[in-house]
Amino acid sequence: MVVRQWHLDVRGARSRPRVSAVIRPAGVPDAPWLADLAERTFRETYTAYNTPENMARYVAAHFAPELQAAELADPRYLTLVAEIEGRPAGYTQLGPGPAPLCVTGPEAMEIIRFYVDRPWHGQGLAHELMRAAAAHARAAGARTLWLGVWERNPRAIAFYRKCGFTEVGTQTFLLGDDHQRDLVLERPTT
Ligand SMILES: CC(C)(COP(=O)(O)OP(=O)(O)OC[C@H]1O[C@@H](n2cnc3c(N)ncnc32)[C@H](O)[C@@H]1OP(=O)(O)O)[C@@H](O)C(=O)NCCC(=O)NCCS
């Protein structure tokens with residue numbers, strides 16, 4: 001188990017320039033708050049671009065606490081949480097695929113979800129979470145990371161490119177009844 005702890009320099013915060021941050025694997029007891037964080041960050045990211053009906057269908061199918069608990073109990077998946085001074089600030093979930101054919105790197109592991117809470121955008125936390133995700137994936141035997149990102153999510157695309165991902169293809173993501181185009185990105189775990 002890799003647990004990273006460090007001090008994050010908060011940009012522009014004079015009175016509280018450094019905070020204590022921890023990234024650790026999540027377990028089944030984390031399911032209730034993780035479900036809240038997952039639903040909230042998903043809604044914050046996509047509500048403006050999708051119908052309420054499609055958002056409701058997706059959220060109901062993916063973010064219920066019992067679904068989170070089942071995923072956390074499943075050894076094929078790994079969820080890492082980032083906590084700032086003991087409070088959840090982001091999470092990522094990795095899983096074994098299957099990768100689309102456009103992903104050509106060996107031993108590929110998918111970054112299924114990658115969400116940082118809005119107050120921590122642009123603060124370096126996402127980079128730490130990505131470093132931890134790559135380290136865990138490597139420790140589990142993966143040599144390639146891949147993910148799908150909505151073509152209309154420019155901030156996330158810019159972030160992944162900064163992290164060394166390159167575009168290798170596209171795939172369809174179903175949000176309710178809306179077929180959306182995701183870019184498929186990959187990079188080595190090293
Ligand atoms: C995606 C996410 C993890 C990135 O973390 P972050 O801390 O915001 O990332 P950073 O600030 O380091 O990098 C984002 C880059 O996008 C740039 N950017 C911001 N808005 C942009 C836009 N509309 N178009 C293009 N680039 C944009 C930023 O300027 C920054 O680049 P810079 O560092 O060169 O200035 C975070 O924004 C997040 O959790 N978003 C909501 C959830 C999400 O979209 N998850 C991805 C699902 S696939």
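**Helix packing and the ligand site**

The axes of α1 and helix α3 (residues 65-73) come within 8 Å and cross at roughly 115°. Angles from 65 to 115 degrees count as roughly perpendicular, so α1 and α3 are roughly perpendicular to each other. This is a predicted model. The crossing of these two helices, α1 and α3, is right-handed. On the α1 side, the contact uses Ala-31, Leu-34, Ala-35 and Ala-38. On the α3 side stand Pro-65, Gln-68, Ala-69 and Leu-72. By class, this contact of α1 with α3 has 7 nonpolar residues, 1 polar residue and no charged ones.

Now turn to the other partner of α1. Helix α1 spans residues 31-46, and helix α2 spans residues 52-62. They pack at an angle of about 155°, with their axes 11 Å apart. Angles over 145 degrees count as roughly antiparallel, which makes α1 roughly antiparallel to α2. The crossing of α1 and α2 is right-handed. Here α1 contributes Glu-39, Phe-42, Arg-43 and Tyr-46. They meet Met-55, Ala-56, Tyr-58 and Val-59 in α2. The contact of α1 with α2 holds 6 nonpolar and 2 charged residues, with no polar ones.

Next comes the pair α4 and α5. Helix α4 covers residues 125-139, and helix α5 covers residues 154-162. Their axes lie 11 Å apart, and the packing angle is about 55°. That angle makes α4 oblique to α5. The crossing of α4 and α5 is right-handed. Ala-126, His-127 and Met-130 make the contact from α4. Phe-159, Tyr-160 and Lys-162 make it from α5. These residues of the α4 and α5 contact divide into 4 nonpolar, 1 polar and 1 charged.

Lys-162 leads on to the ligand. Which residues come nearest to the ligand, of the 19 around it? They are Val-116, Gly-122, Asn-153, Arg-155 and Lys-162.

Definitions and conventions. Residues numbered from 1 in each chain as written. Predicted model: local features only at pLDDT ≥ 70, side-chain atom pairs only at ≥ 80, totals over all residues. Heavy atoms only, no water. Axes fitted to C-alpha atoms, helices over the stretch in contact; angles between N-to-C directions. Helix = DSSP H or I, 4+ residues; strand = E, 2+ residues; numbered from the N terminus. Parallel < 35°, antiparallel > 145°, perpendicular 65-115°, else oblique. Left-handed = near helix turned anticlockwise from the far one by under 90°. Contact = heavy atoms within 4.5 Å. Nonpolar A, V, L, I, M, F, W, Y, C, P; charged D, E, K, R; others polar. Near = heavy atom within 4 Å.
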